Amino acid sequence: MSVTKIIYPPVCIFFLIFTSCDSEKIADSYQPISKNGWPINHPIQFEYNIFENSQQTNFLIGLRNNDEYRYSNIYFFVDILFPDGSSETDTVQFLLAEPNGRWLGKGVGSIKHSLLIFKENQEIKQGIYKLNISHGMRDSLLFGIEDIGVRIEKSY
């Protein structure tokens, strides 16, 4: 019996467990932020074509930051354009670190990932959703943000 036949079944099981369907996810994507910083007047844009209606959904912002990020929190301005043409603007603040400086996000090494809910239990309809996210920090150029994402998921 070859070594590859012995290793193959456990590798397949591991792969299936960690790549199985995410039944809550409706939409999820990330966009990288330049190593040269994130300008305050440069919104990150997302567009999702939603193909199903759902009674209850959560909107989340995914954030990956590194040790260059100088603050324990972050402010975002989030603009949402709904399929019916209506729009909504939210200002949200998220804590990213404890008072002692320990990052709250998950991850090994200097990059931490945080998934932050900004709208809970929202009804979602079929159609195109457009979201723009700008940072609302005092710095005109924000350093230490690796990427920003938006996730729309079913809530139960």
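How much accessible surface does the protein chain have, and what share of that surface belongs to carbon and sulfur atoms? In this predicted model, the accessible surface of the protein chain comes to about 9,800 Å², and 54% of it belongs to carbon and sulfur atoms, with areas taken from the Shrake-Rupley method and a 1.4 Å probe, where for residues only the protein chains shown count as cover. Because the model is predicted, local features need pLDDT of at least 70 and side-chain atom pairs count only at pLDDT 80 or more, whereas totals for chains, interfaces and linings use all residues. Residues are numbered from 1 along each chain as its sequence is written, and side-chain values use heavy atoms, with hydrogens and water left out.

**Overall make-up**

- The protein chain has 1 helix and 10 strands, which are DSSP runs numbered from the N terminus (helices being H or I with at least four residues, strands being E with at least two).
- Read from the N terminus on, the elements run α-β-β-β-β-β-β-β-β-β-β.
- Of the 156 residues in the protein chain, 38% count as buried, a term that stands for under 20% relative accessible area, while exposed stands for over 50% and partly exposed for the range in between (1.4 Å probe, protein chains only).
- Among contacts between residues at least 6 apart in sequence, 79% join residues at least 24 apart, a contact being heavy atoms within 4.5 Å.

- An open sheet is formed by 4 strands in the order 3-8-5-6, with antiparallel pairing; two strands count as paired if DSSP finds at least two bridges between them.
- Strand 3 (44-50) and strand 6 (87-95) stand at the edges with a single partner strand each, so one side of each is left without a neighbour in the sheet.
- Neighbouring strands of this sheet are turned by 20° against each other on average, direction ignored, where the axes are lines fitted to C-alpha atoms (for helices over the stretch in contact) and angles run from 0 to 180 degrees between N-to-C directions.
- Strand 3 and strand 8 pair over 7 bridges in the antiparallel sense, and Tyr48 has Tyr129 in strand 8 as its bridge partner.
- Strand 5 (residues 73-81) and strand 8 (residues 127-135) pair in the antiparallel sense over 6 bridges, with Ile80 standing opposite Leu131 of strand 8.
- Strand 5 and strand 6 pair in the antiparallel sense over 9 bridges, and Phe77 stands opposite Thr91 in strand 6.

- Leaving aside its neighbours within four places in sequence, Leu131 is in contact with residues including Ile44, Phe46, Tyr48, Phe59, Val78, Ile80, Phe118 and Val150.

**Salt bridges**

- A search of the whole structure finds 11 salt bridges, each being a side-chain nitrogen of Lys or Arg within 4 Å of a carboxyl oxygen of Asp or Glu.
- The side chains of Arg151 and Asp28 meet in one of them (3.4 Å, N to O), and this pair links Arg151 in strand 10 with Asp28 in strand 1, 123 residues apart.
- Arg151 is buried at a relative accessible area of 9%, whereas Asp28 is partly exposed at 33%.
- Glu52 and Lys154 also meet through their side chains in a salt bridge (3.4 Å, N to O); Glu52 lies in the loop between strand 3 and strand 4 and Lys154 in strand 10, so the pair ties together parts that are 102 residues apart in sequence.
- Both partners count as partly exposed, Glu52 at 32% relative accessibility and Lys154 at 24%.
- Lys125 and Glu123 form a further salt bridge between their side chains (2.7 Å, N to O), with Lys125 partly exposed at 43% relative accessibility and Glu123 partly exposed at 45%.
- Salt bridges that share partners join Asp28, Arg151 and Glu153 into one network.
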